[in-house]
Amino acid sequence: MGRPVQFNVHKKPLETPYTITEAPAGHTGQGFFATKLDDVVGLARKNSIWPLPFATSCCGIEFMALMGAHYDLARFGSERVSFSPRQCDLLMVMGTIAKKMAPIVKQVYLQMAEPRWVLAMGACATSGGVFDTYSVLQGIDQIIPVDVYVPGCPPRPEAVLDGFMRVQDLVGKESLRRRNSERYAELMKEYGIL
Amino acid sequence: MLTNDFIKNKLVEKFGENVSDFSEPYGMLTFSSPKELNLKVLQFLYDNEELKFRFLTDMCAVHYPDNKGKELAVVYHLHNLIDNIRIRYKIFTDISKPDIFSATALYSTANWQERETFDFFGVNFVGHPNLKRIMNADEMDYFPMRKEYPLEDPKRIDKDDEMFGRG
């Protein structure tokens with residue numbers, strides 16, 4: 001015998017009108033909208049970041065929670081987690097990187113196409129963490145430039161979301177000329193990357 | 001039945017004064033000999049029809065910085081698979097000349113284990129077919145498990161000693 005169960009009987013109106021994202025500042029007129037190319041490209045980039053997870057330990061487990069339904073990184077336009085560095089925008093290094101692993105992290109970074117960003121998640125990736133020892137790399141910023149550091153051991157998924165939103169902020173505000181600038185070339189040279 | 005006393009008597013009968021320091025911590029027979037005799041002792045333990053220690057479970061080194069002239073101990077853990085008896089055999093060497101004969105010809109398992117011992121303690125196994133680092137990065141220029149090196153990364157500059165309890 002079927003039971004009288006009903007779902008979604010009460011209408012829930014949206015509290016605020018649903019928009020995907022705010023339009024950048026510009027001039028609107030009859031049939032046109034004028035703005036800066038930087039802003040449009042930034043808007044497109046920041047809402048479609050493809051992350052490349054480089055997960056080596058417990059931070060990787062926390063990242064799985066981040067990708068799951070509850071925290072849902074897909075809300076930020078990043079449901080497409082790619083394991084091919086060529087197509088990715090954001091390298092997420094999560095976990096202890098041993099010194100023997102360092103060349104591999106660097107290789108993955110080099111294989112990514114510009115523009116590329118790096119997020120270091122957790123104490124180990126940012127500083128070596130508790131593993132202050134001969135075999136562990138004391139922070140991935142010794143081998144590749146890092147844009148955002150997320151502290152914690154391991155960080156809560158909310159913290160990573162916050163870090164991710166900071167990456168989005170950087171991506172959205174980045175000048176289109178930055179990667180061709182002399183300062184950027186110097187930064188890359190510091191890390192031995194041409 | 002193979003007992004510790006029986007093994008001890010066999011060894012003393014064969015090597016006399018050269019095997020010494022017999023003890024039985026937790027029931028496991030432990031002894032040592034001069035380092036030049038290590039292959040002879042291992043070969044005897046391997047070949048003897050009553051002893052038959054034909055499996056090298058583990059080998060490692062220990063650094064005793066205060067033990068002048070005998071700073072490095074190399075420890076062999078041997079197993080008789082038939083009678084299920086284990087023994088421990090130690091040899092000591094000077095750290096300034098850590099040359100030890102390699103046991104690779106006798107035990108194939110000694111190959112990687114000697115490489116590991118070389119990697120961490122710098123014991124030079126004479127006669128090893130491929131004595132190079134196995135665990136650590138090839139560029140490493142020291143032997144990290146020796147007690148003369150700090151456990152922390154010595155090249156690190158950004159950690160404030162006071163904040164990390166080593167002020």
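In the predicted model, Leu11(B) is in contact with Gly16(B), Val19(B), Phe22(B), Phe31(B), Val41(B), Phe44(B) and Leu45(B), when neighbours within four places in sequence are set aside. Leu11(B) also belongs to the largest nonpolar core, which comprises 38 residues. Together with Ile7(B), Leu45(B), Phe53(B) and Tyr76(B), Leu11(B) is among the residues that touch the most other members of this core. Both helices and strands of chain B supply two or more residues to the core. The contributing helices are H1 (4-15), H2 (38-47) and H3 (110-121), and the contributing strands are S2 (29-33), S3 (55-63), S4 (72-80) and S5 (85-93). Another core, of 23 residues, lies apart from this one and includes Val108(A), Val118(A), Ile140(A) and Ile193(A).

On the surface, a nonpolar patch is formed by Leu39(B), Phe101(B) and Val126(B), whose accessible area together amounts to about 220 Å².

Chain A provides 10 residues to the contact and chain B provides 15. About 970 Å² is buried between chain B and chain A, with 46% of this area on carbon and sulfur atoms. Zero salt bridges are counted between chain B and chain A.

Terms used. Residues are numbered from 1 along each chain as its sequence is written. Chains are lettered from A and ligands numbered from 1 in the order in which they are written. This is a predicted model: local features need pLDDT of at least 70, side-chain atom pairs count only at pLDDT 80 or more; totals for chains, interfaces and linings use all residues. Side-chain values use heavy atoms; hydrogens and water are left out. Patches are made of residues with over 30% relative accessible area and no salt bridge: like charges are joined within 9 Å, nonpolar side chains (Val, Leu, Ile, Met, Phe, Trp, Tyr) within 5 Å. Accessible areas come from the Shrake-Rupley method with a 1.4 Å probe; for residues, only the protein chains shown count as cover. A salt bridge is a side-chain nitrogen of Lys or Arg within 4 Å of a carboxyl oxygen of Asp or Glu. A nonpolar core is a set of buried Ala, Val, Leu, Ile, Met, Phe, Trp, Tyr and Cys residues joined through side-chain atoms within 4.5 Å. Buried means under 20% relative accessible area, exposed over 50%, partly exposed in between (1.4 Å probe, protein chains only). Helices (H or I, at least four residues) and strands (E, at least two) are DSSP runs, numbered from the N terminus. Contact means heavy atoms within 4.5 Å. Buried area is the accessible area (1.4 Å probe) that two parts lose on being put together, summed over both.
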